[in-house]
Every structure is written in structure tokens, then in C-alpha cells.
Amino acid sequence: MASQAISTGLEKVQQTLDGSVEGQKLADLRKDMKNYHDPNNVITTDYGVKQWNTDVWLKVSNDNKTGPMLLEDHAAREKINRFDHERIPERVVHARGAGAFGTFKMHKSLSEYTNAGVLTDTSRSTPLFTRFSTVLGSRGSGDTVRDVRGFAVKFYTEEGNWDIVGNNIPVFFIQDALKFPDLIHAGKPEPNVEVPQAQSAHNNFWDFQYLHPETTHMFMWQQSDRAIPRSYRMMQGFGVNTYTLDNDKGERFFVKFHFTPQLGVHSFVWDEALKLAGQDPDFHRKDLYEAIDSGCFPKWDFGVQIIPEGRQDEFEFDILDATKIWPLEDVPLQNVGELELNRNVDEYFTQTEQIAFCTGHVVPGIGFSDDPLLLGRNFSYADTQLTRLGTNWQELPINRPVCPVMNNNRDGQLRHTITKGVANYWPNRFEATPPAKKEESYVDWPEQVAGMKQRLQSKKFKEHYNQAQLFYNSMSPPEKGHITAALGFELDHCDDPIVYERMAQRLADIDLSLAQAVADQVGAPVPQKAGRENHGKTSKMLSQTEIQPKEPTIETRRVAILIADGYDAVAYNGIVAALKGAKAIPYTIGPKRNPIYAAGESKDSGKGVKPHHHFEGMRSTMFDSVFVPGGADSVSTLRNSGRALHWVREAFAHLKAIGATGEGVEFVRDACALPGIEFSSSGDVVDSYGVVTASKVQPENFKETLKMAKGAKEFVDAYTYEIYQHKNFEREMKGFNMMVAY
């Protein structure tokens with residue numbers, strides 16, 4: 001059955017895509033695919049000889065004695081040898097990742113700015129592969145650590161591969177690529193003890209940050225909620241560097257690329273991220289896979305910021321400086337396309353691990369600016385693929401273009417292409433494989449350059465604090481509190497006083513009150529004077545609270561429903577139906593994984609509900625919300641369970657929506673009874689800081705068609721609205737989350 005399901009799935013995709021560019025890429029990949037579940041398969045060696053026993057090495061033995069193994073067992077040696085060489089060098093950075101296939105479409109042509117077909121042809125559907133990643137950690141590190149996230153996209157266009165190798169943060173730590181080895185060495189585990197793993201909370205990282213003022217803007221982003229995203233599906237993507245576009249009129253434009261998630265931008269709270277790194281270190285990987293597998297395809301709006309050549313010097317910052325954003329007030333964002341991820345990988349290693357991105361991969365109509373970080377990356381990315389994958393890395397199925405490839409590059413390890421013919425050079429006497437016509441080729445922009453050969457950046461590159469202040473000023477009060485707490489955590493893990501004392505002074509260059517709060521927390525001298533005056537300016541869409549779905553939705557939100565024997569079937573069945581109708585994912589959690597029976601339901605009926613997990617197998621951290629239905633016996637059992645109580649308290653402290661009906665209201669009251677938190681005592685719905693309760697409910701109170709709204713009178717509408725909000729920050733601003741033990 002597994003074989004049939006896999007085969008049928010691939011055939012359906014092929015039928016859907018036949019004749020399209022996506023179909024071409026899938027067909028290209030299928031040339032190298034094998035179906036492990038094919039019933040005709042048997043085990044062979046790599047050289048094709050069938051094997052009847054791959055469990056016992058050939059040896060000198062009899063029924064009573066096991067003797068020495070024989071080297072002549074070539075098949076055994078091949079099996080062990082292949083295993084010994086399964087690993088390739090992991091990426092120095094972005095080692096831990098997850099990826100998926102998808103499509104890219106333009107709904108508005110950019111022909112005014114470029115002649116790149118992928119950006120001008122609105123009839124195209126371009127196949128792509130996107131890889132998300134953390135930066136500092138090894139392949140075995142956790143998903144939810146505090147870190148920048150990689151957001152890399154390979155577009156398989158009709159003109160060749162185009163790679164956007166970006167992050168979920170629009171700026172970077174350094175201005176010149178030559179500092180990259182130092183930056184990463186400082187962030188990686190300290191060399192004498194090889195700790196900490198996948199963390200920036202240590203002396204070397206923060207020593208580097210202080211000694212390089214250009215990092216100031218970026219470390220503010222890295223200490224914000226952006227560095228602990230709820231999901232890869234709920235974070236922005238940015239090209240970071242400044243690229244160029246050129247059109248048929250001979251005009252050039254500077255451009256930055258943006259991807260904005262249609263689900264909005266959402267993050268964990270820090271305690272939640274910390275716990276998940278141990279409780280479920282694969283959380284983000286599984287989240288992406290499950291969403292696509294369930295048909296809830298993640299989507300991002302594709303946008304551009306464009307500056308015509310000739311206007312690049314009109315700004316107070318240098319537009320080629322990767323440590324700076326282009327504020328939307330100065331350069332508006334144009335959303336012109338859509339990226340959708342709609343197919344999971346077939347095999348992790350051959351696709352997600354072996355995919356290789358290069359910032360130097362562009363197509364006609366797209367080019368490079370003089371961004372010094374970009375130009376260094378263009379060299380570095382191609383170079384690192386040679387170490388990881390070998391000289392023929394672009395022949396690997398996941399890296400192959402869908403368009404024809406032909407040149408005079410030859411040989412090297414693991415060459416796959418067989419090129420027939422006498423000549424392998426140009427010009428040749430056959431006039432075979434000549435250069436393409438100029439008008440159909442990539443042509444470097446004829447830029448006029450004048451200057452001295454010297455190690456120097458322009459004057460505007462020397463200003464490092466204005467945009468750090470702009471970012472901090474633009475944060476909401478909860479976000480500012482999270483940055484303060486994050487810096488307090490990070491610098492608390494620095495045991496060299498010179499590191500955290502210096503950093504307290506650096507923070508005074510951004511905001512004095514921030515510096516004072518952090519210094520007091522980490523034991524540094526408290527600054528009494530700002531290093532520079534805060535200009536007080538703000539900018540749009542720097543606060544992630546401004547990036548929300550166009551319409552309220554709880555699609556793919558995970559909701560834990562806590563029940564025990566004797567639960568209220570009306571409330572349970574009603575909430576399950578309502579959540580599924582809204583494309584949320586309900587999970588039943590009980591004291592055991594064997595069937596649980598509703599009030600009045602006989603255990604002999606065989607109609608019990610089998611929970612997805614039991615209280616000890618999961619934690620509230622793995623869900624977006626917790627719901628407790630009534631039922632006197634069920635709630636009595638929950639009240640006697642410290643773990644069940646902890647589920648609700650922890651969800652409350654993590655600012656999640658909590659729903660309860662009937663006797664479940666009293667249980668939730670037990671967990672988070674605080675002065676100021678109100679609970680329903682009648683049929684009325686009470687929404688108190690995201691705790692939504694209704695003591696009396698009827699079947700008609702649960703409906704599959706939702707009208708999510710703040711202050712809704714129907715329980716389901718009010719409760720699902722709070723889930724949509726993701727976190728109830730009013731609860732945090734009142735300090736309620738710090739009043740419960742969790």
C-alpha cells in the first residue's frame with residue numbers, strides 16, 4: 001500500500017504539471033528517483049549483484065564456533081565502506097535546515113525596470129526550492145534557538161537558475177565580506193571548550209559586537225522576537241543585499257527583494273523557545289512538513305524596493321551598506337508576486353542537504369551592485385560548494401537548471417554528463433557550440449568607475465547608530481520589553497566583566513533607558529548619560545505586530561484539548577468541528593493514550609476517543625492554545641493532576657489563548673486565578689486577557705462558520721479570535737504571566 005500511495009502521489013503531481021516548467025523540473029528529478037517501496041525491489045550491491053544476506057559477515061565458522069571474518073566478503077566491505085562515507089562536510093553556517101518545493105508567480109510585471117523573464121512574464125509559473133535554516137548551530141542543534149534564520153530560494157527559470165540567498169532579517173552584522181570569518185568565529189562555540197552550541201550568549205560573540213560598531217543595528221534585530229520565530233511559515237524573507245535591475249531602454253535600477261508571509265509574522269516568547277529546544281528540537285522542521293502535507297501551503301507576497309540609478313546618493317545612508325534598511329517611507333515596497341511552497345522533499349539528503357545556493361547566480365535583467373558584502377559573497381558561496389559537494393556540484397539533480405546547459409567545462413570528480421563530440425574548446429573547426437547571441441545572453445552592465453585603489457569605505461558607511469535607534473523606537477512596548485530581557489539573558493551568560501560592561505555602554509548609544517535596565521540586570525555600571533541623543537524617529541513594518549494576515553485566520557494553529565473520562569461530549573465535539581472547519585489542527589491530550597469516554601458513555605461501547613498524546617508525552621509549548629471542556633468527572637481527574645495544571649499555567653504564562661466551558665472553567669480558574677482575571681459564571685462569554693470562558697454551553701454555541709472578532713458574544717468566535725491574535729500581550733503588560741509558577 002505504501003508503494004502504491006507514493007507512486008500514485010507522484011503520478012498525480014506529474015499529471016497536474018505536465019507541459020509546464022514545474023513539470024519539467026519534476027521530470028528532471030524523476031530521472032534520478034527510485035521507489036524504495038516497489039514490490040519488485042530486492043537488495044543488490046552498488047554494482048548491481050543481488051544479495052541474499054546483508055546481516056552476517058562471511059567468516060570461518062561452524063555450528064559450535066564463530067571464527068574470523070574474511071576480507072574477501074566484498075559486499076560486506078562495500079556496505080560498511082559506504083556507511084563510513086555517508087557524511088559530507090556540513091555547511092560552516094546554515095548547517096541545520098529544512099526545505100520544500102514550490103512555485104513563483106508574478107501578478108504584476110516589472111517590465112518598467114527589467115527584462116528578466118521571471119520578473120516580467122505574468123503567465124509564468126516558475127518552479128523553485130526554498131531552504132530555511134539557523135545560522136550558528138551545527139546540523140544536530142535545535143530549531144528554536146535565538147538566531148538569524150536563513151531564507152534561501154532557488155528559482156529554476158527558463159533562462160537559468162536564479163538564487164536569492166537571504167535571511168529573515170533585512171540587514172546583516174558587517175559591511176564588508178572580509179569580516180565574515182571573524183564574525184562567525186566569534187559566534188561559533190569558543191575554541192578552547194567548544195561551547196556553547198547554537199547560541200550567541202557568550203563572551204566572544206558580544207566582544208565582537210562591541211568592537212565592531214557596524215553590528216549595532218543587526219544585533220538589535222537579533223535580540224528581538226524576529227530571532228525566535230513561531231514557524232518558518234510565519235517569518236519574512238529578505239535578499240539583504242542590494243542588487244540591480246536593467247531594462248530594454250538601457251536603464252538601471254537598484255533593488256531589494258522582500259518576502260512577506262500571508263499568515264503574518266509571529267514569534268515564540270523566550271521561555272517557550274528555550275523549552276522547545278529540548279522538548280522538540282525538530283519543531284520547525286515538522287511544522288513545515290505537516291503544513292504542506294495537510295494541504296495548507298505556506299505563501300509569501302513577493303515585493304521589491306526600487307531606486308533609479310542617479311538617485312542613490314539622495315539618502316542619509318549608503319544604499320550599498322548591508323547594515324542598513326531602506327525605510328519604507330523613503331522607498332515604498334511594491335508587492336508584485338507570490339511564492340508558494342506546495343511539495344515536501346522526497347529525500348532530505350539529496351535535496352535539502354545537497355542544494356547549493358550562490359548569490360552569483362542571476363539571470364539576464366538582474367545584476368550586482370557594488371555592495372561590498374554581496375561581491376564577497378559571490379566569491380565565497382561558489383567556493384564553499386566545491387568543498388562540500390565537489391567540482392560538479394551543479395550537476396546534482398536538485399541543482400540542475402531546467403533549461404539547456406552546454407559549455408566546455410569538463411571532467412572532475414563525479415562528473416555525470418556525457419558530452420559526445422570531437423571538440424571541447426572554442427573556437428573550433430566545426431563551429432560547434434558557439435557563444436550565444438548577445439541579446440539573449442547575460443550582459444554585465446557597463447558601469448563607469450573612478451577612484452583610488454585602496455581599502456576604504458565611503459563616508460556614509462561610518463554611521464552605525466541612527467537605524468539601530470530607528471528600529472528600537474519602532475517597537476511596540478512588549479517588543480521593547482522582550483529586547484531588554486533578551487539582552488539581559490545574553491549578557492548574563494558573559495562571565496568576563498569587560499564584555500558586559502562595555503555592552504551596557506554601547507546600548508546607551510541607542511537608548512539610555514534600555515541601557516540602564518540591562519546594565520542593572522547584568523551587574524554592569526549603570527550609564528547615567530546617553531552616548532548620543534535618540535532622534536525619536538520611527539518607521540513602518542519594523543514592528544512585527546504590523547505584519548498580520550489580511551483577514552483573521554487560525555489556519556494550521558495547533559490547539560490542545562485536555563480531557564479525561566467523563567468529559568463533556570457536546571463541548572468537545574463542537575470545538576473539534578469548529579477548529580477543523582477553520583483549518584486549525586485540534587489535538588486531544590489525556591492522562592493516557594488508550595480510549596477516553598464521554599460522560600454517560602459506557603466503556604463497553606467501544607466509542608471512546610483515542611488521544612493523540614498523553615500529558616507526559618507532550619507539553620503546552622508545542623501548541624498555540626489550550627482548551628478544556630467541561631464534564632465533572634473529567635475535570636476532577638484534571639484537578640488531581642499537577643501536570644494537567646501545569647499545562648494551563650504554562651500556556652497562560654506564554655500568553656496563549658485559553659478556552660474553557662462548563663466545569664472546565666473552574667479548572668482554569670484553579671490554574672490562573674489572579675486578581676484582575678475574570679471568569680464566566682453563567683452562559684455569558686467572558687474574555688479576560690485571552691482567557692475565554694463560558695460556564696454553560698449548548699450544541700448551537702459551536703459552529704463551523706466562524707466570525708472571529710474581539711468581544712464576540714459567541715464562545716467559539718471569541719475564543720478563535722484570541723487564537724488568531726497569537727499572543728495576548730495585554731496579559732504580559734499587566735504582569736500576569738509572571739504571577740504564576742510555570
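I started with strand E7 (residues 237–238) in this predicted model. Two bridges join E7 to E9, and the two strands run antiparallel.

Next I went to strand E8 (residues 243–246). E8 pairs with E9 over four bridges, again in the antiparallel sense. Leu245 has Phe253 of E9 as its bridge partner. E8 and E9 make a hairpin, with five residues between them. I checked the turn and found that Gly250 has a positive phi of about 80°.

Then I turned to strand E10 (residues 299–308), which pairs with E9 in the antiparallel sense over nine bridges. Within E10, Val304 stands opposite Phe257.

How many residues of E9 are buried? I found 10 of the 10 in E9 (residues 252–261). I sorted them by direction: Arg252, Phe254, Lys256, His258 and Thr260 point one way, while Phe253, Val255, Phe257, Phe259 and Pro261 point the other way.

On to the nonpolar core. The largest one has 47 residues. Among those with the most contacts inside it I noted Phe172, Phe173, Trp206 and Leu491. Several helices give two or more residues to this core, including H5 (180–187), H6 (203–211), H7 (216–222) and H13 (477–492).

Last, I listed what Phe173 touches, leaving aside neighbours within four places in sequence. Its contacts include Val148, Leu183, Phe205, Met218 and Phe219, and also Gln209, Glu214 and Thr323.

Definitions and conventions: Residues numbered from 1 in each chain as written. Predicted model: local features only at pLDDT ≥ 70, side-chain atom pairs only at ≥ 80, totals over all residues. Heavy atoms only, no water. Core = buried A, V, L, I, M, F, W, Y, C linked by side-chain atoms within 4.5 Å. Buried < 20%, exposed > 50% of the residue type's maximum accessible area, 1.4 Å probe, protein only. Contact = heavy atoms within 4.5 Å. Pairing = 2+ DSSP bridges.
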